[in-house]
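Visitor: Please show me the structure. I would like to ask how its chains meet.

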Amino acid sequence: MAETVKGFKIDPKKLRIYGLVGSVVGIYLAYILNSVTGTNIFSFVGALAALFSVVWGANAVRRVCAYGIGTGVPSIGMLSLGMGVVAVLFGLSIAEQMGIGLLGVIIALVYSLIFGYVVGLIANRVMGFNIPVMEEGLTDLSGAGTLAILGWSFAISGSLGYADIVHSVINTGFLAIIFICGGLAILHPFNANLGPDETQDRTLINGVMVGGLSTVATGVCALMTLGLAAGMVQIVVGFAVWYYFFVWFFRLAKRDASAVVGTGLLPPTVQ
Amino acid sequence: MDAFGMGLVAAMGALATVAGASEDIDSDIGSQSNPNSQVQLAAQVGNPHRIYNKAIAGEPPSNALWCTTAAIMAYVLIEGYHMPLLFAAAAGASLAALFDGVMSVSAYLGRNASQARFNQWIYLDIIRYTTPSIMAHVWITSFCIVLIAIMQVYILTPHHPFPIPVIALVWGLTVGAIGSSVGDIHYGGEREFQWRLFGQGLNTMLSGQIVRKAEAGLRNSIDNAWFCAKFGGPATGMGFGLTVFLDNWRTTVFDPITQAGAAIAMGVFFVIVMNLYNFYCEVSARRKYGPYPGYKGDIAA
Amino acid sequence: MNFDANTIIYLLEIIVGGLLVGIGVHFVPVGGAPAAMAQATGIGTGTVQLAAGSGLTGLLSAGLMMHAMSLSPTFAQDGYSIWPILLTGAVGAMIMMDATMLTGSWIYAYAVGAPFASAKVNYDPITMFSQPPYVAPGTVGQGIPTVCFVSGTIGAAMGGLGGALIYFPLVLINGNPAMSAIFAIGIFMVDAVLASWNIQGTIEGFHDPKFKKWPKAFKACLISTAILAVVAVLITPLVGGV
C-alpha cells in the first residue's frame, strides 16, 4: 500500500484549548445563527460543537487510562457523563433563576471543571492513586462531558433556555441517548484502540466518528422536537461526518496494522 | 390484580428472556467484555487468531446504547408520527443494529491495528461475515427491550413515570450487566479454553492460550455462538427474565398503593429462595466434584 | 427557591443515598475479567456496571411505586410515605443481583464444573465450609460461595436503597420524574465509580481484606455527593411553566 494517509499529533494542552474554545464558541454560534435567522435549522452546529469536546475528552481518557486505573476504561467515561449531567442541569437552571439564561453554558462549565478537579484530588489524595495527570485528566473529562451534553442538547432543543431544554430534552428522555452516546464517544475511542501500538490520531479520529454517529441519533430526536427539516439536516450532517471520518479511520487502521488481508490463514511465522 | 396485567407481565418476562439470550450470544460472537481480555492477550503471547474482537466499552454501556438508540427512534415514531407500536420498535431496533455494526467494525479494526507488533492481522472477511450476525442479535435484543419499555409506559397500569428512553437505558445497562456476569463465563471459562482439564477455572499460567483451531480449519466466532447458545445464552436469558418478571409480578399481583407491604414482602421472599437455591448449588457441586486432588491437607481451624 | 428545614432534609437524604451506594459497592462480590474465566471468586464483570445494573433496576421499581402513590385517591391527605418507596427500590435491586448471581452459579456448577470456593478465607464465615481444598490449582477461587452471595444481596439492597434515597427528594424538589431519574443516574454513577476505584476493580464481599478500605470510599463519596447534593437542591421546577 503506497498511499499515504494524513496523520497528526497534537499536544494535550493545545487540544484542550481547541476543545474548550471550539465547543463554547460553537454552541453560542449555533444560538446566534438560530436566533438571527429565526429558524432552528442551524441547531446542527451545536452537534458539531460537541465534536470538539468529544475529541478533548477522548484525549483525556487516553492520558488517564494509559496508567491503568484497575476498573477498565468504561467506568471513567460513565463518571465523566455523570458529572456532566449534573453540571448541565444545574448551570441551565441556576442561570434561568438568576435571569441570565445565556450564561448557563459558562456556569455549567465552571462548575464541572471545579467538580472534576475535586474528584481528581479525592482520587489521588484519599484513595492514593498517585497518577500525576489525574486532577488534570478528570477536570478535562468533566468539562468535556458537560460541553458534549450541552452541544447535543442544543441540537435537540434548538435553544439554550432552561424551559426549552427541560421540555424537549429531559421530559422526553432524550437526555438518556445524549448521556450514553456522549459517554461512548468519549470512552469508546481509547477502548477500541487499546493496545501497545495505539496512536493518538487514530484514537481521536475514532472519537469524531462516534460523535458523527451520535449526531445522527440526536438528529432522529430532532425530527420530533424541531421538525422534519432541522432533523433531516442534522441526520445528513451527522452521516457526512461519520462517513468522512470512518474512511479516514479505516485508512489509519490500514497504515498501523501489520497486515490487512481479504482472507487467509494465520500469519505464516506462527502456524 | 387483573388477568390482562398478568398476561402483560408474562409477555415481558418472555421478551426479557429472549433479549438476555440474544444479548449474550451477540457478545460471545464479538468476544466482548470479559473474555475479550483473553482474546486480546492471545496475540500478545504469540497466538494470533481469527476471532472477532469487538471491544465496545464493556457490555452494559454498549447495550444501553443500542437499547436507548432503538428507544428514541421508537419514541419519535410513536409520539411524533403516530406509527403503530410494533413498527416503531422494529424501526428503532434496525437503527440500533446499524449503530452496532459501525461500532463493532471500528473496534475490530482499532484493536487489531493496535497489536501490529504481535503480528495480528486484520482479516476483512471476518468483518464481512461476522458483523451481520452480531447486528442480527443486537436487533433482537433491542427490539425486545424497547417492547418491554413500551409496555411499561403505555400499556401496563400504573404507567411508568419515566420516559421510554430512560427505561430502555436502565434495562440495557441491566441486560448488559447480566450478560457479562452470566453468559460470559460459559464463553470465557469453557469455550475459549476447551483443551485444558475440565472441572476447574483457567490456570493463570495458561492465560492467552485460547483455542484457535476448530474441528476443521480455524475457529471463527460463529462457532462460539453455536456453542454458547446451548447454555450460556439461555442462562443469561433466564437471569434477565427472572429480574424483569419477578420485579414486575410482585407489583402487579399486589396493588402498589394499598398492598405495598405485601409486594415488598413477596420480593424479600424471592430473594431468600434464591439465596437458598444458591446454597443448594454450592453444596451439590462440592459433594459431586469433591476437593482437587493436588491439595495437600486441610488447615486446622 | 425556598431554603428551609426541608431543604436540609433533602440535602441529607441525597448525601446518605450517595454514601449507601458507595459502601454498597464494597459488598458486591466482583471478580472482574478473571472471574469470567473461573479464575477468581465472584461475579465475572465490572463493579460499576453491576452496581449500576442492580441499583438502577431498583430505581425503576422505586419510581413506579412513587408514581403509583401519587395516583392514590387519598394522596392529597397522605402525601408520599417514604418507606415503601425505599424498600421497594432495595428489593428490586436485590432481585436483579440475586437472579444474576444464581444463573451465574449454574454456569459455574454445571458448565465449567467447578465447586465454589474463595481463596481469601480458609472457612466460609456463614456455612463454615472449608475452602482451600476446593480452590483449583493456579486460580484464586471460583464461583459464588454462600458468603459472597449473601454479601452481594446486602450490597444490592444498599445500592437500591441509595438510589431510591437519591431519587425520592429529587422528585419532591423538582416534581419531574424524568429529570430526577437522569439526575439520580448521574449521582449514582459518580459514587459507584469512586467506590470501584477504591477497591481497584475486584472484591469478594465483606469477608475480603480489601473491605477494610471502605472508610476511604466513605470520605470520597461524602465529599463528592455533598458537592452534587448542594447543586441538586437548587434545581427548581420550571419557572413560568412551558
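Visitor: How many residues of chain A are in contact with chain B?
Guide: This is a predicted model, where local features need pLDDT of at least 70, side-chain atom pairs count only at pLDDT 80 or more, and totals for chains, interfaces and linings use all residues. Residues are numbered from 1 along each chain as its sequence is written, while chains are lettered from A and ligands numbered from 1 in the order in which they are written. Two residues are in contact if their C-beta atoms, placed from the backbone, lie within 7 Å. Chain B contributes 46 residues, and chain A contributes 51 residues.

Visitor: Which element gives the largest share of the side of chain A that touches chain B?
Guide: Elements are DSSP runs, numbered from the N terminus: helices are H or I with at least four residues, strands E with at least two. α3 (73–97), α7 (174–192), α8 (200–225), α9 (228–256) and β1 (260–261) of chain A each supply at least two residues. The largest share is 11 residues, and it comes from α7(A).

Visitor: Which residue stands opposite V260(A)?
Guide: β1(A) and strand β1 (residues 122–123) of chain B run parallel, joined by two bridges. Strands pair if DSSP finds at least two bridges between them. In β1(B), the residue opposite V260(A) is I122(B).

Visitor: Which element gives the most to the side of chain C that touches chain B?
Guide: This contact takes 73 residues from chain B and 74 residues from chain C. Among the elements of chain C that give two or more residues are α3 (47–71) and α6 (146–174). With 22 residues, the one that gives the most is α5(C).

Visitor: Is G233(B) buried or exposed?
Guide: G233(B) lies in helix α8 (residues 232–253) of chain B. It touches A21(B), D24(B), I25(B), G183(B) and C228(B), not counting residues up to four places away in sequence. A residue is buried if 20 or more other C-beta atoms, placed from the backbone, lie within 10 Å of its own, exposed if 12 or fewer, and partly exposed in between. G233(B) has 28 C-beta neighbours inside 10 Å, so it counts as buried.

Visitor: At what angle do helix α1 and helix α8 of chain C pack?
Guide: Two packed helices are described by the angle and the distance between their axes. Axes are lines fitted to C-alpha atoms, for helices over the stretch in contact, and angles run from 0 to 180 degrees between N-to-C directions. For α1 (residues 5–27) and α8 (residues 214–234) of chain C, the axes are 8 Å apart and the angle is about 145 degrees.
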